Amino acid sequence: MPAMNLMQFLTAGMPVLSVLLFLVILRLPATRAMPLSLALSTGMALLIWQMPARQVSAAALEGLVVAATIMWIIFGAIVLLNVLRATGALDTIRAGFSGVSADRRVQLIIIAWLFGAFLEGASGFGTPAAIGAPLLVALGFTPLSAVVLALVADSSPVSFGAVGTPVIVGIGQGLPDATPDQVQAIAVQAISIDIIVASLLPLIMCVMLTRFFATDDKWRSWRAGFAIWPFALISGLAFTVPAWLVARFLGPEFPSIIGGLCGLAIMTLLAHRGWLVPRQPWYFSDADRDRTHELAPPAEQSLSLVRAWMPYVVVAGLLILTRLTILPLQGLLSGATLEWRQILGTEISASMAPLYLPGTLFLLTAVIAAWMHTRSLRPWLGSVATTARSLGPSAIALATAVPMVRIFLQSDINAAGLQSMPLELATLAAGTFADQWPWVAPFVGALGSFIAGSATFSNMMFASFQQSVAVQTGLPETLILALQLLGANAGNMICVVNVVAAASVVNLVGREGDIIRYTLLPMLYYVLAAGAVATLIIWGNSLTVF
């Protein structure tokens with residue numbers, strides 16, 4: 001295989017570089033940045049990577065199918081949110097939180113970190129941000145803080161998202177010869193590292209909240225974020241330790257689901273009793289504090305607190321029931337697919353299982369919620385119409401971002417004799433940084449998620465490569481593959497597809513660059529901390545040998 005020259009290197013890196021340039025540096029909205037990125041990446045793929053025009057076109061069409069599935073999820077999430085707003089359920093939920101804690105830091109941990117972990121374990125597909133971010137906004141969070149912190153929270157649970165798909169499918173198919181015991185060992189190694197690394201994420205989220213997102217200078221400080229460290233640290237462990245136990249003794253299907261539920265039970269009880277929580281609650285501003293104190297108690301709301309929360313219980317139950325392989329629902333719903341095989345005569349195919357997508361379950365839950373709360377479907381019909389009118393900018397962004405990603409991933413067919421762009425970048429990294437691979441391996445995983453928008457696809461794409469590098473450098477294979485898993489989690493925070501989708505559900509289209517600027521630092525913490533822990537493990541093992 002020939003090595004990349006400079007122009008080929010720039011071509012391979014263009015999907016990353018263009019996003020950073022247009023979204024982060026120039027601060028263009030995604031509706032302008034992503035069409036520009038698509039045009040630039042497509043031109044260089046044709047002229048420099050020498051991809052056939054038919055291959056580029058087929059990959060772009062595949063991307064449009066993938067974008068349609070993402071839009072369906074966004075559409076369903078926003079319809080559900082609008083129905084709950086129209087029926088008054090969100091007002092009741094917001095008032096009900098005063099019975100647990102009015103402190104925004106506590107609400108952030110319970111909703112984004114723990115409820116989000118449960119949703120990730122049950123469904124994946126960006127569901128935690130699609131459900132969690134709007135719920136935070138309904139509680140009184142600013143849209144930017146809600147999206148940024150929901151994306152940061154949706155990291156560690158991704159290892160076991162969608163009932164273990166990133167491990168079972170991602171690592172399992174990425175390493176065809178791996179046994180189930182080997183795959184489980186990789187998962188256990190990953191969550192073992194996360195007990196140290198990810199358990200600090202709730203504290204990092206609280207510090208970001210109080211320092212960057214207060215709307216009144218009086219409430220903006222680092223100290224307020226660190227003040228909740230006992231509650232934040234216990235909440236991190238309340239997820240990672242049960243997740244480790246489940247991964248170790250039951251397997252990779254349920255660590256995020258059970259870890260999230262255990263954490264919710266423990267931390268909600270602690271918050272309700274005021275244990276480990278600072279005496280002084282934190283708010284975005286004085287006005288936010290006053291609004292919170294003026295909320296009517298749940299008993300005075302038009303809906304009871306149980307009825308208001310019931311749609312979330314229903315959607316969580318549906319997600320679990322339709323993802324369990326031991327039940328017939330998964331095969332029934334996922335079997336109803338729309339397929340486009342050999343697009344334009346290439347080997348590229350695309351499919352969609354509309355009944356299996358979370359968006360369909362969100363819409364069904366919205367129907368149930370409208371009828372449950374009002375005995376009428378009028379709120380649902382109105383929400384569908386309102387939501388459809390609002391999704392134009394998001395459709396433009398996704399319909400250009402995802403095709404760019406698919407061209408990048410399908411670039412193995414070319415006249416230049418090169419591998420696909422992501423594999424060429426990874427090979428270059430291995431040749432340059434082989435001696436520091438425990439530090440680099442998570443970045444490779446993050447690259448896959450950042451571009452592909454999927455930790456599962458990142459693991460499928462790079463697992464075999466990571467294993468090969470481990471063998472060549474004499475590093476523990478299980479440890480390096482665990483770093484691949486963790487890096488894929490980290491990339492989920494800044495993935496452009498996730499960012500565009502999350503921004504859409506809280507009406508923050510145009511601020512995608514701001515979101516990535518905020519999530520970039522916690523992403524770097526995650527990969528660097530994972531690399532540091534892995535280096536210490538290798539160092540400790542070497543001392544044991546002697």
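Is Tyr312 buried or exposed?

Analyst: Tyr312 is buried, with a relative accessible area of 4%; buried means under 20% relative accessible area, exposed over 50%, and partly exposed in between (1.4 Å probe, protein chains only). This is a predicted model, in which local features need pLDDT of at least 70 and side-chain atom pairs count only at pLDDT 80 or more, while totals for chains, interfaces and linings use all residues. Residues are numbered from 1 along each chain as its sequence is written, and side-chain values use heavy atoms, with hydrogens and water left out.

Rings of Phe, Tyr and Trp (its six-membered ring) pair if their centres lie within 6.5 Å; planes under 30 degrees apart count as stacked, over 60 as edge-to-face and the rest as tilted. By this rule there are 14 aromatic pairs. In one of them, Trp244 and Phe249, the ring centres are 6.4 Å apart and the planes stand at 90°, so the pair is edge-to-face. Trp244 is partly exposed at 24% relative accessibility, whereas Phe249 is exposed at 58%.

Tyr312 pairs with Trp309: their centres are 5.5 Å apart and their planes at 55°, so this pair is tilted. Trp309 is partly exposed, at 23%. Ring pairs also link Phe212, Phe213, Trp222 and Tyr518 into a cluster.

Charges come next. A charge sits over a ring if NZ of Lys or CZ of Arg is within 6 Å of the ring centre and within 35 degrees of the ring normal. Arg248 lies over the face of Phe249, 5.1 Å from the ring centre, and the charged end of Arg406 sits over the ring of Phe457, 5.2 Å from its centre.
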